[in-house]
Amino acid sequence: PMLTDSGGFQFFSLSPLRKISEEGVTFRSHIDGSTHFFTPEKAVQVQNILGADIIMPLDHVIPYPSSDDQTRDAMERTIRWADRCKNYHEKWASQALFGIVQGGFSTELRKMCCSALVEMDFPGYALGGLSVGEPLELMNRMLDVSVPLLPGDKPRYLMGVGSADALLEGVARGIDLFDCVLPTRIARNGRAMIPEGYLTLRNARFARDMEPIDPRCSCYCCRNYSRAYIRHLLKSKEILGLRLITIHNLFFLADFMSRIRRAIGEKTFGDFYRTFWTRFNR
């Protein structure tokens, strides 16, 4: 299945170039300086055209930390925009439009947003505005508040989360879907994911290390290349080095989630959870 986002996070990350109003977002292109106006309806229309299976409404994402007034304003606007997106979407397409829960790090506002979106009866629900620089413990606290208020028979999606520890904690709280640039972004910095945490392959200690990134891993990279060779590629600025680490990181996360699903099916998730935390080092 294909999932597309609405652009809400991009407007957040490009905040110096945009202005938010009730009608939508005006932003200036970082490429040529041209001005564009993006409405909730436009966000849905673009995703309708792309033909994604799961699409997202335009939401108002705020930084961490933000004031109480900023948080409430963004949460209430997210609800109004969700309603506009749903009304537009129902006229044109059959793709699954999820609602996005906002509310910053206020338990009260998270609860209010969950209640309003559940009332709108979306086919699935996303948790947005998390993993924006806050401690993992604070994000988990917001999940503890929000997830129980969302329907258990519909998908629950945690946006922008992709580290193994955060994935595991999300699953433990009832999250079904995740997305994140983390495995590719850290690969571009020479960092590889392993069950114990991370390896920074640019470090000098790997210069003569003939082991694969992870001897227990069966990905293409680990079956064919050593840590020393990958470090050589990184130091030589060869793009192959970044690609190999990317292949490994994506394989690692896909395999990690497969093992989580298997543990849930075998009713051994509790043991899996405890074993993970005995060896993982953030």
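Which residues line the largest cavity? I started my notebook with that one, keeping in mind that this is a predicted model.

**Entry 1: the cavity**

I looked up the lining and found Gly8, Phe11, Phe12, Arg18, Ile20, Val25, Asp59, His60, Val61 and Trp81. The search gave 1 cavity of 30 Å³ or more, and the volume of the largest cavity is about 40 Å³. I then sorted the lining by residue type: 6 are nonpolar, 2 polar and 2 charged. Next I checked which elements take part. Helix 1 (8–13) and strand 1 (18–20) each bring at least two residues to the lining. Helix 1 contributes the most, with 3 residues.

**Entry 2: the cores**

I moved on to the nonpolar cores. The largest one holds 48 residues. Inside this core, the residues with the most contacts are Leu117, Leu127, Leu158, Phe178, Phe256 and Ile260. I listed the elements that give two or more residues to this core: helix 3 (68–92), helix 4 (107–120), strand 7 (125–127), helix 5 (136–146), helix 6 (164–172), helix 7 (182–187), helix 10 (239–265) and helix 11 (269–279). Helix 10 has the largest share of this core, 6 residues.

Setting aside neighbours within four places in sequence, I found Leu127 in contact with Val101, Arg110, Leu143, Ser146, Leu150, Tyr157, Leu158, Met159 and Ile175.

There is also a second, separate core, made of 17 residues. Among them are Leu201, Cys217, Cys219 and Cys221.

**Entry 3: backbone notes**

Which residues does a cis peptide bond join? I found Tyr64 and Pro65, with omega at about -5 degrees. I placed Pro65 in the loop between strand 4 (54–55) and helix 3.

Asp121 has phi near 65 degrees, and Asp121 is not a glycine. I located Asp121 in the loop between helix 4 and strand 7.

Lys237 has a positive phi too, about 60 degrees, and is likewise not a glycine. Lys237 sits in the loop between helix 9 (227–235) and helix 10.

**Entry 4: exposed or partly exposed?**

How do I class Asp121, exposed or partly exposed? The relative accessible area of Asp121 is 49%, so I put this residue down as partly exposed, since exposed requires over 50%. Lys237 comes out at 75% relative accessibility and therefore counts as exposed.

Note on methods: Residues are numbered from 1 along each chain as its sequence is written. This is a predicted model: local features need pLDDT of at least 70, side-chain atom pairs count only at pLDDT 80 or more; totals for chains, interfaces and linings use all residues. Side-chain values use heavy atoms; hydrogens and water are left out. On a 1 Å grid over the protein atoms alone, a cavity is a set of points where a 1.4 Å probe fits but cannot get out, and a pocket is an open set with protein on both sides within 12 Å along at least five of seven lines; lining residues have an atom within 4 Å of a point. Grid points are joined across faces, edges and corners, and a volume is the space filled by probe spheres set on the points. Helices (H or I, at least four residues) and strands (E, at least two) are DSSP runs, numbered from the N terminus. Ala, Val, Leu, Ile, Met, Phe, Trp, Tyr, Cys and Pro count as nonpolar, Asp, Glu, Lys and Arg as charged, and the others, Gly among them, as polar. A nonpolar core is a set of buried Ala, Val, Leu, Ile, Met, Phe, Trp, Tyr and Cys residues joined through side-chain atoms within 4.5 Å. Buried means under 20% relative accessible area, exposed over 50%, partly exposed in between (1.4 Å probe, protein chains only). Contact means heavy atoms within 4.5 Å.
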